[in-house]
Amino acid sequence: MEFMNELQTAVFWVGLWQIILVNIVLSGDNAVVIALAARSLPPHQQKKAIAWGAGAAVAMRIVLTIIAVELLRWPWLKLIGAVLLLWIAVKLLLPEDGGSEGVDSSDNLWAAIKTILIADLVMSLDNVIAVAAAAKGSITLLVLGLAISIPLVIFGATMLMKLMDRWPIIITIGAALLGWVAGDMAVTDPVVKDWVDANAAWLHWAAPVAGAVFVVAAGKWLAARAEAGHKEVVDLGEGSETKAPH
Amino acid sequence: MLKLLVPVDGSESSGRAVAHLIKKLGWFKDGAEIHLLNVQHQIPYGNRVSSVIGHDKLAQYHQEEGMAALKKAMQQLDAAKLKYHYHIGVGDEADVICRYAKEKGCDQIFMGTRGLGSVSNLVLGSVATKVIHLSPVPVLLVK
């Protein structure tokens with residue numbers, strides 16, 4: 001009956017919404033990577049790469065979720081997780097920088113699968129840390145987070161790209177939310193929890209606010225700096241057609 | 001020769017704008033230098049996707065999608081035996097269109113009023129509306 005009781009609390013519903021938003025952002029990126037990596041393959045291999053890629057992402061998320069539940073009870077790990085989350089969140093706000101090298105850009109099936117698997121590992125880890133932070137120890141929320149992320153990874157790429165096109169603000173809100181849950185998680189680490197509860201209970205709301213503000217401010221500032229670096233419009237398809245003798 | 005920037009996205013509206021341009025090219029005494037431009041959206045998720053996929057692959061993706069969006073306008077101009085240049089940019093449509101017009105010294109922007117995905121503004125597309133506000137040069141809209 002504990003489960004039914006949990007459903008009736010506001011904390012649960014707030015947590016659920018947080019997890020949905022976290023997944024839109026941090027499962028969506030994984031879906032987009034799989035779709036892009038598979039794109040240059042011949043059609044019959046594309047399906048294979050997407051199926052394997054999504055399958056691996058799902059498997060990694062399940063395993064990592066189980067590990068995360070256990071690990072987050074240990075001292076220091078919530079603090080480390082919070083720092084990681086802040087970094088993930090800031091990165092979401094940075095523009096595509098044009099200089100970064102990908103894992104591999106050759107066009108065969110194995111190269112695509114390699115790209116996908118590395119993306120799955122990195123992005124599943126990020127996703128699970130964020131979901132675990134938002135779930136605040138509730139196993140129900142953790143499992144729901146997992147359940148929501150799976151269809152997003154498998155079917156979500158096109159839909160999510162359209163969603164972000166229409167409402168780019170989702171990314172900023174998502175990043176701010178990650179900052180929020182990071183702050184929330186940091187003050188509940190076993191190392192600091194007792195001290196915070198006894199001496200600085202206000203940190204339970206101040207730390208999340210500070211996390212969210214930090215992420216948005218740092219992200220916007222770094223993005224503005226990067227934008228100023230290359231102001232010129234990049235032309236990807238420069239060319240001319242001269243069918244008619246003029 | 002007048003340098004015309006013609007933003008297109010493969011939509012019906014941009015097709016009508018190109019057709020109109022072809023028909024009315026006689027307006028310009030010495031003809032016009034036509035620059036087609038398609039603007040592709042950035043991939044969302046900051047640089048999380050590009051740091052895995054690689055910049056080259058993303059550029060290739062934008063280029064392929066851009067060429068597909070340009071195809072219709074290119075065919076129309078080919079059929080009319082007109083000479084043109086084409087370009088693909090990445091970013092916010094109106095922003096890139098206006099920056100492009102400024103950087104490449106275009107004399108006029110010539111575009112349709114309602115491209116793809118502009119439900120937010122039923123009479124005048126949101127891109128066209130924004131271009132009118134930002135553009136450094138005169139804008140001609142074709143309904």
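The legends below describe close-up views of a predicted model.

**View 1. Confidence along chain B and for the complex.** Chain B has a mean pLDDT of 86, with 92% of its residues at 70 or more. Within chain B, strand β1 (residues 2-7) has the highest confidence, at a mean of 92, whereas helix α2 (residues 48-53) has the lowest, at 82. For the complex, the predictor reports a pTM of 0.81 together with an ipTM of 0.74.

**View 2. The fold of chain B.** The chain holds 5 helices and 5 strands, which follow one another along the sequence as β-α-β-α-α-β-α-β-α-β. Its radius of gyration is 15 Å, close to the 15 Å given by the globule rule for 143 residues, so chain B is as compact as a globular protein of that length. The C-alpha trace of chain B spans about 50 × 30 × 25 Å along its principal axes, and buried residues account for 45% of the 143 residues. Of the contacts in chain B between residues at least 6 apart in sequence, 80% join residues at least 24 apart.

**View 3. The largest nonpolar core and the surroundings of A:Val33.** This core has 69 residues, and those with the most contacts inside it include A:Val33, A:Ile34 and A:Leu85. Helix α6 (residues 109-135) of chain A gives the most to this core, contributing 12 residues. Leaving aside residues up to four places away in sequence, A:Val33 touches A:Ile116 and A:Ala119 in chain A, as well as B:Val49, B:Val52 and B:Ile53 in chain B.

Methods: Residues numbered from 1 in each chain as written. Chains lettered and ligands numbered in written order. Predicted model: local features only at pLDDT ≥ 70, side-chain atom pairs only at ≥ 80, totals over all residues. pLDDT = per-residue confidence, 0-100. Helix = DSSP H or I, 4+ residues; strand = E, 2+ residues; numbered from the N terminus. Core = buried A, V, L, I, M, F, W, Y, C linked by C-beta atoms within 7 Å. Buried ≥ 20, exposed ≤ 12 C-beta atoms within 10 Å, placed from the backbone. Contact = placed C-beta atoms within 7 Å. Rg over C-alpha atoms; globule rule 2.2 N^0.38 Å.
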